[in-house]
Amino acid sequence: MRSVRFYPEAWPLHTTFVISRGSRTEARVVTVEIEEKGIRGVGECTPYPRYDESETSVMAQIASAVTAIEQGATREQLQHLLPAGAARNALDCALWNLETQLTGQTLWQLTGTEPLASISMAQTVSIGTPEEMAEAALALQQKGATLLKIKLDDRLIAERLVAIRAAVPKASLIVDANEAWQSDGLAARCQLLADLGILMLEQPLPAGEDSALENFIHPLPICADESCHTIEGLPALKGRYEMVNIKLDKTGGLTGALRLAKAAREQGFEIMLGCMLCTSRAVRAALPLAAGAKFIDLDGPTWLAQDVEPAMKFHCGGIDIAGSE
């Protein structure tokens, strides 16, 4: 017989995050503990308002599945108990974590994935003035980052990117427009990005309005984030996107993420691996997807002033996985 415990947690953010992204001072997650035979598995999720999630709604969803989980529901059965999203992610990852401890196998072994000793990842440059963003990009490069993810809205696009490229002429850059652009002028913006050597553009248009990308000729790959949650959404992305950003909080856990990644590759999409603001627990749960990813964006815990223990071994631009699992 299992027991399930779940609760909200708040993790303080670095001052740099507060300054660059507004008055928010903490990252809020919901944690799930599943205990069986005296062994405890832990999972975590980040409720995301963009997807109509709140701490309250996620806790209610988890509560609705507790009886089934305590009676022995499997990860496969969980896929039918809850919809894809943060609540299912926390439960799914807790079940994976529980199995690693009950079996003595690593997550790599359970998923049939070759273990990695380290990974390179993007470091985020938050929205600011062109001068602020250029300064931030240079600082990250000087600390060791080689791939920078540039956050943009609908303002000062050329000015910001030109300033950043001048500051870090050799850095690899990807751009996340966060649904802020419109179809009008998109072709010119894509050409600007290509001329500046940007490697990829993420989610330029609002989800639900990306039909404008149908047969849209563009000089750099476009990645679906808000437009891609689960394997069921892949058919609508064909002919519009070349890449999908997989996040466990969207797929409803590692189980769904592995299926999405496999199907995406089979259908010709490249993979980006991302995360929300989270602790190292959430990053550990996503690691089996890293080997097949073109771009990795797992810097969520680096914005925390305090991380869960034991924390992953982050450095600017990467994670040393060996010894930190």
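**Close-up views of a predicted model**

**View 1. Helix H4 (residues 86-103) lies across strands S1, S2 and S3, running at about 150° to S3.** Helices (H or I, at least four residues) and strands (E, at least two) are DSSP runs, numbered from the N terminus. Angles run from 0 to 180 degrees between N-to-C directions, and axes are lines fitted to C-alpha atoms, for helices over the stretch in contact; contact means heavy atoms within 4.5 Å. Helix H2 (residues 55-70) also lies across S1, S2 and S3, and runs at about 160° to S1. The model is predicted: local features need pLDDT of at least 70 and side-chain atom pairs count only at pLDDT 80 or more, whereas totals for chains, interfaces and linings use all residues. Residues are numbered from 1 along each chain as its sequence is written, and side-chain values use heavy atoms, with hydrogens and water left out.

**View 2. Three strands form an open sheet in the order S1-S2-S3, with antiparallel pairing.** Strands S1 (2-12) and S3 (39-45) stand at the edges with a single partner strand each, so one side of each is left without a neighbour in the sheet. From one strand to the next, the twist averages 25°. Two strands pair if DSSP finds at least two bridges between them; strand S2 (residues 26-36) and S3 run antiparallel and are joined by seven bridges. Thr31 stands opposite Glu44 in S3. In a regular strand, side chains alternate between the two faces of the sheet.

**View 3. Lys149 is located in strand S6 (residues 147-151).** Lys149 has a relative accessible area of 3% and is therefore buried, a term that means under 20% relative accessible area, with exposed over 50% and partly exposed in between (1.4 Å probe, protein chains only). Not counting residues up to four places away in sequence, Lys149 touches Ala122, Gln123, Thr124, Val125, Ile174, Asp176, Glu202, Met272 and Asp297.

**View 4. Strands S6 and S7 run parallel and are joined by five bridges.** The bridge partner of Leu148 in S7 is Leu173. Between S6 and S7 the chain passes through helix H7 (residues 157-167), in a right-handed β-α-β crossover; right-handed means that, with the strands pointing away from the viewer, the path from the first strand over the helix to the second runs clockwise. Strand S7 (residues 172-176) is mostly covered, with four of its five residues buried.

**View 5. S7, helix H8 (residues 186-195) and S8 make a right-handed β-α-β unit.** Two bridges join S7 to strand S8 (residues 201-202), and these strands run parallel. Val175 stands opposite Leu201 in S8.
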